[in-house]
Amino acid sequence: MMNSTTKHLLHCTLLFTVIITCEVFSGGIKIDENSFTIVDPWTEYGQLATVLLYLLRFLTLLTLPQVLFNFCGLVFYNAFPEKVVLKGSPLLAPFICIRVVTRGDFPELVKMNVLRNINTCLDTGLENFLIEVVTDKAVHLAQHRRIREIVVPKEYKTRTGALFKSRALQYCLEDTVNVLSDNDWIVHLDEETLLTENSVRGIINFVLDGKHPFGQGLITYANENVVNWLTTLADSFRVSDDMGKLRLQFKLFHKPLFSWKGSYVVTQVGAERSVSFDNGIDGSVAEDCFFAMRAFSQGYTFNFIEGEMYEKSPFTLLDLLQQRKRWLQGILLVVHSKMIPFKHKLLLGISVYSWVTMPLSTSNIIFAGLYPIPCPNLVDFVCAFIAAINIYMYVFGVIKSFSLYRFGLLKFLACVLGAVCTIPVNVVIENVAVIWGLVGKKHKFYVVQKDVRVLETV
């Protein structure tokens, strides 16, 4: 079996192969200048059309900051780290509350995952912990000294009128509800999130270190039974995003420059209460993003946590579309909020507007072939580089998520090819999500189907 360094070197070799291939075939690196037709767009297409064509081409560059972060994160840090090794005894770790927020729509799923996560913690040697389930509707968890169920009263209102998950999270922080001290830690999970022994060891190391009050790690989506192969392969991009952009911003800068996810969130209680989830209705759609930006603006630091957790991708394409739409709408509300200083949301703003303009930048695929325009060599190189990294993100996500030993070589290669083939489908979904998100109702929180057993017919 190859060691982690060899795997990382092979991954880097594949990454640079993809980059060079894209550069050569798209003209970013011109081997034969005569093989490219040179036209004068100003006389060929007219002034207005030429200006529009150049604007569309340069819109592509909005994605450059996050592409560079992903590239550096995937290259400069080992993409295949060894199993996490404890740096101290779990018995010496501070108290950890594993908090799961749910509407209560999938009680059996919650019960099953609570028991699995308790056993994972115990198998890792963790003793000083509690699993807390915060729900709008009672799920009737079994009485257990390590389980606490909190039902958010229907009449509860926050000071600023926070809604949805923000409202539930803020309720837990109220003096009459909170049982944690400021030096304790909270691990925020979604109801479908599963701990692994690797992630628990990573969390223990993080809280024992104690240098940063906030942290986050990798989530993968191709574990155990895959419900929907198309959405799972589409989510391979998110795996690469965690290992690239997320890891670099936390390990190098210790700041959520591009925000973070809403699950596998580790916070120190005192810092979380100081930042607060009570951020009004605009901070309730993408509450994770708003919280991160507020913590960033208040000077708190972040770090990357080693070890992965497991989740499921959306079960249907409609759920995937609804999920992406909500993320876009929520992040736009964060970027436009006056509560977040401009300097702290600059990169996030560039990132989300590269998403908003995706229907326009995607049109380059058609217009570049029909109406070629000459660009400086640097622009051609950068555009090809952006395309190469985005393609490779799907490839790497599959390599990181799917086990070669579990699936076998042929099925593993089929998954890699399948991820590349899902790119056009994912592009269409992302474009539809953008258009729907811009014209649809903004302050809505759609919850995707999460219990696979609901889909089964007995």
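**View 1. Two domain centres lie 32 Å apart.** In this predicted model, 32 Å separate the centres of domain 1 and domain 2, taken over C-alpha atoms. The domain assignment gives domain 1 as 21-77 + 348-439. Domain 2 covers 90-317. Where they meet, 29 residues of domain 1 are in contact with 30 residues of domain 2.

**View 2. Domain 1 and domain 2 bury about 2,500 Å² between them.** Of this area, 73% lies on carbon and sulfur atoms. Look for three residues in domain 1: Phe 69, Tyr 77 and Leu 348. They lose the most area to domain 2. Together they make up 29% of what the domain 1 side buries.

**View 3. Polar contacts link the two domains, with zero salt bridges.** Seven residue pairs are in polar contact between domain 1 and domain 2, both residues being at pLDDT 80 or more. The salt-bridge count between the domains is zero.

**View 4. Helices of domain 1 touch domain 2.** Six helices each supply at least two residues to this side of domain 1: H4 (64-76), H13 (346-356), H16 (377-401), H17 (404-407), H18 (409-421) and H19 (423-439). Which helix gives the most? H16 does, with eight residues.

**View 5. The touching side of domain 1 holds nonpolar, polar and charged residues.** Here 16 residues are nonpolar. Another 10 are polar, and three are charged.

Conventions
Residues numbered from 1 in each chain as written. Predicted model: local features only at pLDDT ≥ 70, side-chain atom pairs only at ≥ 80, totals over all residues. Heavy atoms only, no water. Domains from an automatic or database assignment. Contact = heavy atoms within 4.5 Å. Buried area = accessible area lost by both parts, 1.4 Å probe. Salt bridge = Lys/Arg side-chain N within 4 Å of Asp/Glu carboxyl O. Polar contact = N/O pair within 3.5 Å; in protein donor to acceptor, adjacent residues only side chain to side chain. Helix = DSSP H or I, 4+ residues; strand = E, 2+ residues; numbered from the N terminus. Nonpolar A, V, L, I, M, F, W, Y, C, P; charged D, E, K, R; others polar.
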